Structure formats: C-alpha cells, structure tokens
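User: I would like to go through this model with you. Could we take it one topic at a time?
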Amino acid sequence: MTTAPPVPATDLATRQSLAHGPLGPLLDGDRASLFLGAPAMAYVLHLAAADSERYAEALNTLDHVVATHTRRRLAAAHARIDQGRYASFAEYDLFRGLTGLGTLLLRRRPDSEDLKAILEYLVRLTEPVAGPIGQPRLGWWVGHAPANHKAATPGGHANVGLAHGITGPLALLALAKRRGVTVDGHDTAMVRICRWLDRIRHSDHRGTRWPRWITETGPAPLQPAAPSWCYGTPGLARAQQLAGLVLADADRQRMAERALLYCLADSHQVDQLVTRGLCHGAGGLLRTVQRVAEDAQTPTAFTDRLPELRDRFLALPAPEAPGFLEGAAGATLAFQSAEPGSGPATDWDACLLLC
C-alpha cells in the first residue's frame, strides 16, 4: 500500500475516515490493531452488519488487509522468539498485539488459518524464552515497564492483567476452544498459564487476588486495588472462569467466581472506582459481572448485586469524552445492557474478551 500524505494531527475525524481520509494506507502499518485502524474498523462493521450482507464489500476489503497484517505480525513474533528476545505488549496483548487480532478473527473469520496461526503463536508464547543473556524467562516476559509505571519494573516484567498481560491470551484460548477452534498444545498452554496464576495468587481475609505483575525481585504490591476490568480481579476472574469451563475444571471455575464475589463485597476495593468507564471504572465491573453471571454455578449470587452496581455507576460523574474505553460510549453500553428488562445481551464486549 502507498503512504498517504501527512494529515494534521488535530483532524482526527479526517484521519480515521474511510470516505475522505487515509485510513486504509495509514492503518495497515505496525500500529494497526483491534483498537486502531483497519482491524478496528472491521470489528465495528462486523458488529453493525449483524449477520446481514451490509458492508460486505468494505468488510471483504478489510479482511484482506487484516490477513496480510496478521501474517506479517506473526512472522515478526516468531522471528523474535527464535532469536531468544523478550516480547513486548505491542506484539501479543489485546490492545495492540496478536491477542487483539485473534479476538477479531474469532468473531469475523473463526474458520480461518490465520486464527489458528495466532492460537499456535499463543501456545508458543507460554513456553520459556532464552532471553538476550541466556537467562530463561516466562515466554510473555517483556523487557519494558508498564505504561505510566516507568520505574516500577527494572529488568522488565511478566504482566498479569487482561488488557496487557497473559490473562488476555488465556481468555482468547478459552473462548476459541468454547467455539470449537483448537490447535496442538491448546489445553497445555491454558493449564500452564493457570498454574502460574495459582503460584502468584494471594488469599487472606479480604479474599483472593493477584499482583499486577511480577519482576525480577518478586510481585508488585498486593494491597487491594481498584476492581478494574483491565488489571483487577474482575478481568482475571472472568478469564479463569472461562478456562475452568472449557477445561472441565470445576474447582478453578469455583475459585474464580468466589474471588469476584469477595471483591464485590469489599467496599475498600469497590470504593476505589471513581469513573464510569469500561477500562478502569464501574462500567467495566458492571459488564464483567453480567458475563460472569451468565456462566456462574450460582447466577443469582451475581445478578442480585446488579442493582447496587447500577446505583454505584449512576453516582459517579458521567464521562466528558465520547470514547469507548474511558468515555461515554462504553459507559452507556455497559449501563444499558444492565438495565432491568433490557433485551438479550449483544456481543459488543467481545473486544474486551468477556465473551
């Protein structure tokens, strides 16, 4: 594809426009992902089409762009592993990496070889990597720090969260198996991740929780944190509930559901939610609780808490920004889906690896 002429950074609408802007060429580069560019447009149009033939021509074009992009990203990822170098968020995570592309393909092209190739890569990601100085690390060990925590992880870290950590690949592997899409080593990879999560799990009078990451010197502080979708107990619980379901591991499913119930009952944790957003706020918790309830061993243990969560959501200030992850769009979707008497839940939250 050719490179488009530069567009002023302030003209976001034009930059992202299929009709008037350089969306196609601009977002077929290394930065394209589930949340940016051609893959993001494919996800939105696929949901909007709702199994109809609407947007068929545009989606066909985007499918080819995504396929080419995915294969290029996979080749780079396997080359990195072959060289024994550490991973990065941009390679594998939900927001920027191959887990996000796999999430799109599971919805858009579940029978594709590209999806299977991503799952095979995720299996390989769970195997140890040699590292640049021959010191073996977890396969998802990254050589950089988390965003906004530049000094927190000297020497890199292994991230736990659903958005940037290994719980994202776990959820995708589980959701793929639930839909009948598996590859060699599929279950082994999920079990490997789950056992690592077990090793770093902490339980006390406040319930069960996990650190945000592990560094060379040990886990991040384990004080009760905000129950966010991206890093907190809700996302971790949902991913492990899904893994328990597809692995027929009732004990893991029970542990995950109990961890979320303890979290919901702990005002010290829930009171830390100060926004309505999906990523870090009450919207993400609200939607995650709904999804957990759909598969829970005792659904009413979660649905009985929805009225309180809705009230908590409404007590927080409405987002001023219009966006999805932190803004009004995502918050509105989360609340509308949880209103009493609302229709069957749609799958708009598939991009959050909740379904």
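User: Which helix does D63 lie in?
Analyst: This is a predicted model, in which local features need pLDDT of at least 70, side-chain atom pairs count only at pLDDT 80 or more, and totals for chains, interfaces and linings use all residues. Residues are numbered from 1 along each chain as its sequence is written, and side-chain values use heavy atoms, without hydrogens and water. D63 lies in helix α4, residues 56-82 (helices are DSSP runs of H or I of at least four residues, strands are E runs of at least two, both numbered from the N terminus).
User: Is D63 buried or exposed?
Analyst: D63 counts as buried because its relative accessibility is 14% (buried is under 20% relative accessible area, exposed over 50%, partly exposed in between, with a 1.4 Å probe and protein chains only).
User: What does D63 touch?
Analyst: Leaving out residues up to four places away in sequence, D63 touches R108 and R109 (contact means heavy atoms within 4.5 Å).
User: Turning to α13, why is it described as largely enclosed?
Analyst: Of the 14 residues of α13, 13 are buried, so the rest of the structure largely encloses this helix.
User: Now the sheet: what is the strand order?
Analyst: The order is β1-β4-β5 in an open sheet of three strands with antiparallel pairing (two strands pair if DSSP finds at least two bridges between them). The edge strands, each pairing on one side only, are β1 (158-159) and β5 (218-219).
User: How many bridges join β4 to β5?
Analyst: Strand β4 (residues 213-215) is joined to β5 by two bridges, and T215 stands opposite G218 in β5.
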